[in-house]
Amino acid sequence: LSPVDKYAVAFTNHNELVLLNALSGDVEILKNMLETKPIAGVAIFKQIGIAWSLKEWITFSLSNGLKYSSHIIDENDFFISHFNYVDDKNFSIALSSFKKGQENLRDKHILRTTVNGVSMTDLNIDSALFVIQEGDIYATEFSNNEYHICRFKLTTDGWEKKEEIAQSPMRIMALELSPDRTFLIGTMPTGFSLWKFENGEETCFTLPNNVKNISTKPFHSQSSLAITKHNQYGVGGVRKSLYIWNVKDGLLLKEVDAHIARIMRVQSLYIEDFNGIVSSSIDKTIKVWNVKNIFEKVYTIDRMEMAIESVSLSGDDELAVTVTRSSVGVWSVSTGKLWSKLVDSPVGAIVTHAVITADSRHVISSESGNLLVWNLKKGCVVFRESHPNIRQLLLGLDDKIIVVITSEVEKETRCTVRNVPTGEEVYSFNFESDVPEPAVITKNGAYLAVISLEGKQKVISAYHARKGAFMFKIPLTNVSLLGCGILPFPGKASAVIITSSDSSWIVDVETKRIVRGIKRWNGACTSDGRYGLVAPNQGGLEVIELRSGKTVKVLIPPISEGVFAVTAKFNNTDDYVLYYHSGRQTIRLFRMSNGKMIGNYKLAAEVTDFRTTHDGLSVVVGGIDGSFVVLAIADPENLESKVKLKRLPSRGEASIGMIKNSVSFKTVARVTATAAYAKRQSACEESQQSEVCTLQ
């Protein structure tokens, strides 16, 4: 950003410069500005734009993008890493060596400065550099097996060392001044150091043993430290957490699980009497933290360590199984608690699929090329078999069999059917396909259908679901299959749905014919097969009659909301329509009887999978942040919904009475200790009580 916030400059990985006039909103794309690529950085100094690659730097106009000058550096072993520009006769360029040294940092750095058009003597820097507005710099030197942090001043003869601030046995990644210039902050692999200018006193902030700072580019670290108001606390953002230290003695006071992805930057925020910290992360969020409340007790909500990829429910809706890349999570749907994590290989496990049987006794999963059957009661694996490249797990025939689809050689897929829970193979067969297609069992349990290739023509291959015998093929002529899938059709026991990007078809397997094709239909339909949904990515949501393809209700008008991934489905009782929009990260709930929207829930993170419970009154959601969310449908016109809400643990006098009666002496002792801690904190200038409201 320019000093008065009028212009902004950025660069893309396509080696383009993006110039924005923040006042008018005009955006200009500047191409081929540098002869050497890729672009490594941009900056604005006064009204001049600077851009540089590894070997070249240019200046250009912020008003029209016109290139003023272009310069090439000749050093073969160094590249441009930092820039400080006053005008075309006064500037400094930091050059860093391609070779790396200790702590995986660049081996050497050179600060090349021009004053009034005259080149000064190069200043050799060890690893850290910080430029202040007055023209002075803080940099590190190495001598006598120690790293010296020094302040240099620019004179007519070049850079002159004015004072030595401190010494460090460890190499320093980055240097920075505290907001009030009381401290010089150094970033090291094991933590941070603060040097007080007034008396040279050093305070060390040490990270836990398994946490390290790393450097991504010269003079910068992936981690950053912010000092709170009155220099009371130091708050560091490392990985996904905030670490809080006492500035007086360097004691680590607290670790806060702040983001679901790596923290990019931590900054202090002072507004009148507000004492805050701002953190930004690659999870696309910016969070503002109130330092006065940051030491309050944290009540964690269970979640997986990695993104949830799919959700599976048991028949009684008591248990849910979630799949992440590293493990299978078993959840209690009624309480939202994570009961256990199922992983056969604790180190390096790669989990791709998991399903739970209706009776909640077994979980079938694919992990690191193996098919596993878990006994939930015992918490152990009762069957293990090598099954590399699993693409689908499908329970069928009242959960007595598991269908395993695996990719074999090119254009060949294998289907293996095994008994549950013994894992004994019932039958298997190979079929040709350009990509591993999913299998489906018809509603009547008679046919196992897959989409296969016959030459260049796609066909439905039908097999006997119990015996595995091949029965017949149904050619999919005049059917445009782009990104196709196959689903059971609930409206007819022997039919399936073939879905594509812009249309879907109903195919009767028993009679070997395509019943009808419906344009725009996404494949979701009611349990009687009468109605379907149209939900284009551009926006809009309609209920259509599947026999005629005509629109019955318009739930969301066809207004463009941007091109985002959307998911629309009916709940299990067909009373409601759920619509998830990835751009808004909301699940909207529509009443089927009158088309009215009765709910619009904003999720904290992008949704990866969601489904409704068998009674149709709850929605189970898995998120990209590993969260497991259970939403209850609150419909004032649905008596069953009212009854279910009354049965929630937080509702009713009886539940409150049970909680009161269950308070033990140990609980009272903990409450007393917490109250004493709160009293001590309230005496501190930087703390205050939170105001909490409970909605019953």
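Trp 57 is buried, with a relative accessible area of 4% (buried means under 20%, exposed over 50%, partly exposed in between; 1.4 Å probe, protein chains only). The model is predicted, so local features need pLDDT of at least 70 and side-chain atom pairs pLDDT 80 or more, while totals for chains, interfaces and linings use all residues. Residues are numbered from 1 along each chain as its sequence is written, and side-chain values use heavy atoms, without hydrogens and water.

**Aromatic pairs**

- The count comes to 21 aromatic pairs (Phe, Tyr and Trp rings, the six-membered one for Trp, with centres within 6.5 Å; planes under 30 degrees apart are stacked, over 60 edge-to-face, the rest tilted).
- Trp 57 and Tyr 85 form an edge-to-face pair, at 6.4 Å centre to centre and 65 degrees between the planes.
- Tyr 85 is also buried, at 8% relative accessibility.
- A cluster linked by ring pairs includes Trp 57, Tyr 85 and Phe 91.

**Charges over rings**

- The charged end of Lys 512 sits over the ring of Phe 472, 4.6 Å from its centre (NZ of Lys or CZ of Arg within 6 Å of the ring centre and within 35 degrees of the ring normal).
- Lys 569 places its charged end over the ring of Phe 610, at 4.5 Å from the centre.

**Cysteines**

- There are zero disulfides (pairs of cysteine sulfur atoms within 2.5 Å).
- The sulfur of Cys 204 is too far for a bond, because the closest cysteine sulfur, in Cys 150, is 18 Å away.
- Cys 204 is partly exposed, with a relative accessible area of 40%, and Cys 380 is partly exposed at 31%.
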